[in-house]
Amino acid sequence: MDNRWRQLADILVTYSARVKPGERVLIAMGEVESFPLTHALYEACIRAGAYPQVQFTSETLRHSLLAHGSTEQLGWTPELEAQGMAWADVYFGLRGAYNLHMHDDIPADRLALNQAAQGRISTLRWQQTRWCLVRVPNAAFAFQAGADEESIEAMFFAACLLDWERESRRWKRWADQLNRGKTVRLVGRETDLSFSIEGRRWMVGDGTFNMPDGELATAPVTSTLHGHVTFEWPGVLGGRLMHGIRLAWEHGTLVHASAATNEAFLQRILATDAGASLLGEFAMGANPHVDRFCADILIDEKIGGTAHMALGRAYPECGGDNQSAIHWDIVKDIRQEGAVYVDDRVVLEHGQFHLDD
């Protein structure tokens with residue numbers, strides 16, 4: 001086994017989730033290629049005195065459900081997964097990549113219905129467990145990123161094997177400065193969006209919830225959303241890519257939503273529930289080693305110097321109150337054109353943070 005998997009497993013157990021003796025740990029192994037990390041993580045949990053169990057998931061299996069399932073089956077909340085969240089003290093989601101065109105033959109309404117069921121599992125995860133999600137690189141991931149597997153693995157391990165204690169302290173100093181602000185404005189190509197963050201908090205993504213990590217996030221006051229945003233990169237959800245997404249709000253109401261591809265799916269997602277058309281999160285990517293778009297949000301939202309926002313559910317840790325079955329992040333690249341202002345102070349511009357270390 002590549003020793004880097006063991007190094008990462010040790011970080012996940014001792015730092016990310018701080019697994020304690022006697023705790024129950026659910027390891028969700030997504031796709032067969034994630035087995036090396038599954039093995040290393042299982043071993044690290046055993047050494048920590050915990051009780052790990054492994055669950056296998058695959059988009060290939062999900063495609064069978066999407067293609068042949070009844071409406072009731074598509075909307076069914078997977079019971080063992082739900083019970084697993086109630087059983088586990090700690091949850092690790094090791095998510096292997098897959099062919100993003102796998103579900104191209106699935107009608108938008110069927111995919112959206114099942115996506116909502118998956119969202120209910122996601123809600124149970126953050127409500128009932130200490131959790132960390134890992135995007136495990138593989139050949140499919142390298143292909144969608146337009147790179148060779150060795151280069152993607154190098155980026156992945158460089159972004160994961162950081163001194164997380166040190167990075168956490170630095171980013172928390174940044175968050176303390178951001179917490180003094182009351183308004184946010186995002187500008188960029190065909191973008192000018194503003195909202196209040198009064199009464200909200202900035203949360204630091206420092207390797208405890210995602211791996212790799214690196215972001216500073218807050219929750220907009222949804223009634224104050226005003227302006228428009230255009231995304232350079234496609235939004236990705238449920239294995240479906242939506243290019244050229246444009247969104248606009250007027251005083252807290254979504255007034256425009258379009259996409260150059262898969263717009264019907266976008267509209268179905270926005271209609272999931274009352275909170276799906278509002279922003280539950282606004283954040284800035286801060287990992288210095290993630291530098292290319294990979295069509296995978298767990299990686300892309302960490303790209304240093306970018307911004308991203310999530311439609312749907314807000315994190316209560318930020319003081320957000322927007323409720324939804326979905327939490328869908330989309331990345332806005334402002335490294336070449338654009339900036340983030342907090343109370344009229346530039347805090348991020350051209351990929352560089354303007355915060356005191």
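Is F156 buried or exposed? In this predicted model, F156 has a relative accessible area of 3%, and because anything under 20% counts as buried, F156 falls on the buried side of that cut-off.

The structure holds eight aromatic pairs, and one of them joins W5 to F156 in a tilted arrangement, with 6.1 Å from centre to centre and 45° between the planes. W5 belongs to helix α1 (residues 3-16) and F156 to helix α8 (residues 149-160), so this pair ties together parts of the chain that are 151 residues apart in sequence. W5 is itself buried, at 8% relative accessibility. F156 also pairs with F157, and here the ring centres lie 5.2 Å apart with the planes at 70°, which makes the pair edge-to-face because planes over 60 degrees apart are classed in that way. F157 is buried, as F156 is, and ring pairs link W5, F156 and F157 into a cluster.

R125 lies over the face of W131, at 4.2 Å from the ring centre, while R240 lies over the face of F265, at 5.6 Å from the ring centre.

Helix α1, which carries W5, also takes part in covering another helix, α2. Helix α2 spans residues 35-47, and its 13 residues reach 18 Å from the first C-alpha to the last, close to the 18 Å expected at 1.5 Å a residue. Its buried residues are L37, T38, A40, L41, A44 and C45. An α-helix has 3.6 residues a turn, so residues three or four places apart point the same way. The cover over the buried residues of α2 includes, besides α1, the strands β1 (24-30), β2 (51-57), β3 (90-96) and β4 (130-136). After α2 comes G49, whose phi is positive, near 85°.

A further part of the model is an open sheet of five strands, which are paired antiparallel in the order β7-β9-β15-β16-β17. The edges are formed by β7 (203-205) and β17 (327-332), each of which has a single partner strand, so one side of each is left without a neighbour in the sheet. From one strand to the next, the twist averages 25°.

Technical notes: Residues are numbered from 1 along each chain as its sequence is written. This is a predicted model: local features need pLDDT of at least 70, side-chain atom pairs count only at pLDDT 80 or more; totals for chains, interfaces and linings use all residues. Side-chain values use heavy atoms; hydrogens and water are left out. Two strands pair if DSSP finds at least two bridges between them. Helices (H or I, at least four residues) and strands (E, at least two) are DSSP runs, numbered from the N terminus. Axes are lines fitted to C-alpha atoms, for helices over the stretch in contact, and angles run from 0 to 180 degrees between N-to-C directions. Rings of Phe, Tyr and Trp (its six-membered ring) pair if their centres lie within 6.5 Å; planes under 30 degrees apart count as stacked, over 60 as edge-to-face and the rest as tilted. Buried means under 20% relative accessible area, exposed over 50%, partly exposed in between (1.4 Å probe, protein chains only). A charge sits over a ring if NZ of Lys or CZ of Arg is within 6 Å of the ring centre and within 35 degrees of the ring normal. The expected span of a helix is 1.5 Å times one less than its number of residues. Contact means heavy atoms within 4.5 Å.
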